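Visitor: Hi, I've got a structure open and would like to talk it through. Could you take a look with me?

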Amino acid sequence: MAWANGPKDLIGTWVVEKARSLVDGKFDFFTMEDVAAELDRRKAAGDLDGDPSEMMAGFTGRTEFTEDGKVRSWMKLPEGVSEDQIQAALAAGEIIAYSDGYFCPEEKEWKEEDGKLLYNSGEHREIFGEVKSPWDPLELNEDGLLPFGSGMVLLRKL
């Protein structure tokens with residue numbers, strides 16, 4: 001699906017609408033509610049390894065596309081982190097920014113080229129010794145969601 005207004009439609013904050021997950025033996029895109037219900041079912045059956053909150057963490061992040069071509073990944077700040085710890089992490093360069101209970105550990109870039117929107121995944125890709133581009137297309141799917149993160153999530157604009 002094309003971008004009706006080009007980059008203007010991309011710029012802003014996006015959240016995970018669906019993520020690739022294993023639900024009822026099927027690996028596909030599921031909502032946070034679907035995954036939570038699966039985790040509850042597995043917990044009740046005594047078939048749950050690990051902390052369910054960690055398994056749901058992928059749904060709590062945000063992705064921001066800025067006007068100046070930056071892609072910022074925002075993660076929810078863990079409970080109990082003090083303002084002093086945040087300031088120390090900022091000063092040490094461990095995080096780029098902090099806002100509204102979220103921190104940004106990294107920044108990548110996006111661009112418009114030949115009428116297409118592209119995102120620098122930062123991945124080194126090679127096929128049979130030939131280096132491939134790290135730039136992925138930013139294209140909405142038929143539901144108006146944005147496939148992102150090597151196709152592991154579908155984002156919805158806030």
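Guide: Happy to; we can go through strand pairing, then salt bridges, then a few loop residues. Do keep in mind that this is a predicted model.

Visitor: Good to know. Let's start with β1: which strands does β1 pair with, β2, β3 or β12?

Guide: Strand β1 covers residues 12–23 and runs antiparallel to strand β3, residues 62–65, over four bridges. There are five bridges between β1 and strand β12, residues 153–157, again in the antiparallel sense. Strand β2, residues 26–30, is antiparallel to β1 too, with five bridges joining them.

Visitor: How many residues sit between the strands in the hairpin of β1 and β2?

Guide: Two residues lie between the strands of that hairpin, and D24 there takes a positive phi near 55 degrees.

Visitor: Nice. Switching to charges: how many salt bridges does a search of the whole structure find?

Guide: Eight. One of them joins the side chains of E38 and R41, at 2.7 Å from N to O.

Visitor: Where do E38 and R41 sit relative to each other in helix α2?

Guide: They are three residues apart in helix α2, residues 32–44, so about one helical turn separates them.

Visitor: And is E38 buried or exposed?

Guide: E38 is buried, because its relative accessible area is 8%, under the 20% cut-off. R41 is partly exposed, with a relative accessible area of 43%.

Visitor: What about the R72 and E107 pair, what is the N to O distance there?

Guide: The side chains of R72 and E107 meet in a salt bridge at 2.6 Å, N to O. R72 belongs to strand β4, residues 70–76, and E107 to strand β6, residues 102–113, so this pair ties together parts that are 35 residues apart in sequence.

Visitor: How accessible are those two, R72 and E107?

Guide: R72 is partly exposed at 24% relative accessibility. E107 is partly exposed as well, with a relative accessible area of 30%.

Visitor: Which residue forms a salt bridge with K132?

Guide: That is E130, with the closest N and O atoms 3.2 Å apart. K132 counts as partly exposed at 32% relative accessibility, and E130 is partly exposed at 48%.

Visitor: Oh, where is S121 found?

Guide: S121 is in the loop between β7, residues 116–120, and β8, residues 125–127. This residue is buried, with a relative accessible area of 6%.

Visitor: Let's look at backbone angles. What is the phi of D100?

Guide: D100 is not a glycine, yet its phi is positive, about 50 degrees. You'll find D100 in the loop between β5, residues 97–99, and β6. With 70% relative accessibility, D100 counts as exposed.

Visitor: And what about the phi of F128?

Guide: F128 has a positive phi of about 50 degrees, and F128 is not a glycine either. The loop between β8 and β9, residues 130–132, is where F128 sits.

Visitor: Is that phenylalanine, F128, buried or exposed?

Guide: F128 counts as exposed, because its relative accessibility is 88% and the cut-off is over 50%.

Visitor: What does N141 touch, beyond residues up to four places away in sequence?

Guide: M1, P147 and L154.

Key: Residues are numbered from 1 along each chain as its sequence is written. This is a predicted model: local features need pLDDT of at least 70, side-chain atom pairs count only at pLDDT 80 or more; totals for chains, interfaces and linings use all residues. Side-chain values use heavy atoms; hydrogens and water are left out. Two strands pair if DSSP finds at least two bridges between them. A salt bridge is a side-chain nitrogen of Lys or Arg within 4 Å of a carboxyl oxygen of Asp or Glu. Buried means under 20% relative accessible area, exposed over 50%, partly exposed in between (1.4 Å probe, protein chains only). Contact means heavy atoms within 4.5 Å.
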